Amino acid sequence: MANSNLFLPDVTEAQISENLNKAKDYLEEALDSHRNRRQIELLQKLVSQNSGKKPPVWVFSTGRCGTFALHSFMQKSDSIAPYHRRGRPLFNRNEVFYGFAFGLCNPQWVEEACFDYLTDQTIGELISSQLCERQFVSLDNHQTAWIPIILKAFPDAEFVHLIREPRDEISSWAKKNLYNHNQITPVMIPRSQFGEYRSFKSAPCNLDLLVQLAWHWRVLNLYIDRSLALLGTNSFLMKSEDLYAADGKVYDELATICDLGHLDYTAFKEHLSVKHNEMSAKGPLSWVSRDSFQSGWTRPLGETHGQLMMKFGYNYI
């Protein structure tokens, strides 16, 4: 299977990279639009007024990586306002990424979707955290789509790239039946009233579901990695395996950027000793596990997938 035609035969890897850069430009333009700018200016003012507090923290991930476990841990702190989105956004995060990667979005669509994400719960939670003089920590993987805006609006914030070994993440998505075989995007609630902003529809896909999920892992982590590459000291990589193992280095990194207060390493270790956000395996792929992947399964996915795995310290098999 050629890596250049996973979903659309005429879109190459190079074009996907170009399309992601174009989406970044659209996002930065959306930041300057009138209705978004007023919201962002208010947030920037509130953040600057709380200069004595630690700056906001944004944890970016693909999902199924441990953000819920981190959220429930930070809820125990009196100094942190952790944010994990409740309910579905109007624009599905993965739908947005397919639009980005394949050049299917236009500036109006991007602005509308951006407005949905940045002026709904996120804006309210950010404002609330600043008024209550608590540190805002975003643990919502949906915010990954808006990294260029977040970096530009909050340059002094801290950023974390949370990543999970692809076989574990892919099997988690599949066996929880969060995707189906007939769509290239996750199952989502129809939002017909936003039809004028939708640039594409979910399309039938005859690819193996696990290959689709591998594409999801690759593109989102590539997007996060590229976006954070230029930040330097105020961003770092966190591996889900180390988080779930309650690694002391993970706690130290979190304690450096987050106001954990009385939450010491013992509390962190006890919290991670139990499972969080566990969903019962169901559906036709409930049997899937990391042992379901045969040697060489990544090779048809292309060079980029292997490079990312090696960069993040995962075996390229």
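## Working through a predicted fold

Let's start with Tyr223, which sits in helix α9. The model is a predicted one: local features need pLDDT of at least 70, side-chain atom pairs count only at pLDDT 80 or more, and totals for chains, interfaces and linings use all residues. Residues are numbered from 1 along each chain as its sequence is written, and side-chain values use heavy atoms, with hydrogens and water left out.

**Exercise 1. Decide whether Tyr223 is buried or exposed, and list its contacts.**

Step 1: take the cut-offs. Buried means under 20% relative accessible area, exposed means over 50%, and partly exposed is in between (1.4 Å probe, protein chains only).

Step 2: apply them. Tyr223 has a relative accessible area of 5%, so it is buried.

Step 3: look for partners, where contact means heavy atoms within 4.5 Å. Setting aside neighbours within four places in sequence, Tyr223 touches Leu20, Leu27, Phe97, Phe100, Thr144, Ala145, Ile147 and Pro148.

Step 4: Tyr223 and Asn21 are 202 residues apart along the chain, and their C-alpha atoms are separated by 9.5 Å.

**Exercise 2. Work out the strand order of the sheet and what packs on it.**

Step 1: know the terms. Helices (H or I, at least four residues) and strands (E, at least two) are DSSP runs, numbered from the N terminus. Two strands pair if DSSP finds at least two bridges between them.

Step 2: read the order. The sheet is open, has 5 strands with parallel pairing, and runs β2-β3-β1-β4-β5.

Step 3: find the edges. Those are β2 (80-83) and β5 (235-239), each pairing on one side only.

Step 4: zoom in on one pair. Strand β1 (residues 57-60) and strand β4 (residues 158-163) pair in the parallel sense over 4 bridges, and Val57 stands opposite Glu158 in β4.

Step 5: Helix α9 (residues 209-228) lies across β1, β4 and β5, at about 155° to β4. Angles like these run from 0 to 180 degrees between N-to-C directions, with axes being lines fitted to C-alpha atoms, for helices over the stretch in contact.

**Exercise 3. Describe how α3 and α12 pack.**

Step 1: get the angle and the distance. Helix α3 (residues 67-74) and helix α12 (residues 265-272) pack at about 135°, with axes 10 Å apart.

Step 2: name the arrangement. That angle makes α3 oblique to α12 (under 35 degrees is roughly parallel, over 145 roughly antiparallel, 65 to 115 roughly perpendicular, and the rest oblique).

Step 3: name the residues. Ala69, Ser72 and Phe73 in α3 meet Ala267, Phe268, His271 and Leu272 in α12.

**Exercise 4. Find where Glu133 and Ala246 sit, and how exposed each one is.**

Step 1: take Glu133. Its place is in the loop between α6 (121-131) and β3, and its phi is near 55°, a positive value in a residue other than glycine. At 47% relative accessibility, Glu133 is partly exposed.

Step 2: take Ala246. This residue lies in the loop between α10 (240-244) and α11 (248-257), and has a positive phi of about 55° although it is not a glycine. Ala246 has a relative accessible area of 4%, so it is buried.
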